[in-house]
Amino acid sequence: MSEPTLRVVPDLAPSPQDVALVRAGLMAYNDAQKGPAGVKLIAVYLRDADDAIQGGVVGFLAWRWLSVEWVWVDETLRGRGHGAALLREAESLARNAGCVGVKLDTYEFQARPFYEKQGYVVFGVLEGYPAETRTYYMRKELASPAGS
């Protein structure tokens with residue numbers, strides 16, 4: 001039996017279906033190596049009286065960790081403890097789901113000092129990204145939920 005003819009094809013506008021296929025292939029491989037990741041998308045929002053989102057944390061739970069993808073608070077509301085409250089709630093969701101830690105990254109011009117105040121520590125640095133700055137990779141261990 002001969003090898004099938006394969007091509008490497010760039011795609012600057014990938015379809016959601018094609019992206020999902022690649023993700024599913026990787027997830028199947030990962031699951032076979034380490035067991036099911038149990039990926040679950042989570043979000044915590046800061047909403048105003050009109051129910052409009054003024055901030056939020058979005059991430060996912062997998063393999064007993066919370067991976068924080070995005071944290072944002074409207075610029076006019078920063079410095080009032082809203083970001084810390086959002087992060088605490090996301091950590092609480094993770095802790096209650098059995099997670100042992102949280103990981104995230106932040107650019108040099110974003111929020112490293114904020115995360116350090118919340119107990120996060122830098123475990124890695126990518127120099128030169130974005131454009132002549134750096135990205136900090138941070139983590140925080142989670143204590144078990146009360147009573148367990």
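**View 1. The second largest pocket has a volume of about 220 Å³.** This is a predicted model, in which local features need pLDDT of at least 70 and side-chain atom pairs count only at pLDDT 80 or more, while totals for chains, interfaces and linings use all residues. Residues are numbered from 1 along each chain as its sequence is written, and side-chain values use heavy atoms, with hydrogens and water left out. A pocket is an open set of points on a 1 Å grid over the protein atoms alone, where a 1.4 Å probe fits, with protein on both sides within 12 Å along at least five of seven lines. Lining residues have an atom within 4 Å of a point. Volume is the space filled by probe spheres set on the points, which are joined across faces, edges and corners.

**View 2. Helix 1, strand 2 and strand 3 each give two or more residues to the lining of the second largest pocket.** Helices (H or I, at least four residues) and strands (E, at least two) are DSSP runs, numbered from the N terminus. Helix 1 (16-34) provides the largest share, four residues. Among the lining residues are R23, N30, F60, W63, S67 and K103. By class, eight are nonpolar, two polar and two charged. Here Ala, Val, Leu, Ile, Met, Phe, Trp, Tyr, Cys and Pro count as nonpolar, Asp, Glu, Lys and Arg as charged, and the others, Gly among them, as polar.

**View 3. S67 lies in strand 3.** S67 counts as buried because its relative accessibility is 3%; buried means under 20% relative accessible area (1.4 Å probe, protein chains only). Its side chain makes a polar contact with the side chain of K103, at 3.1 Å. Such a contact is a pair of N or O atoms within 3.5 Å, one able to donate a hydrogen and the other to accept it. Leaving aside residues up to four places away in sequence, S67 touches G59, F60 and K103, where contact means heavy atoms within 4.5 Å.

**View 4. Helix 1 is followed by G35.** The phi of G35 is positive, near 85°. The 19 residues of helix 1 should span 27 Å, taking 1.5 Å times one less than the number of residues. The end C-alpha atoms are 26 Å apart, which agrees.

**View 5. The largest pocket has a volume of about 680 Å³.** Of its 28 lining residues, V71, T106, Q110, A111 and Y115 are the closest to the centre. Strand 3 gives the most to this lining, with seven residues. The lining has 16 nonpolar, seven polar and five charged residues.

Conventions
Buried means under 20% relative accessible area, exposed over 50%, partly exposed in between (1.4 Å probe, protein chains only).
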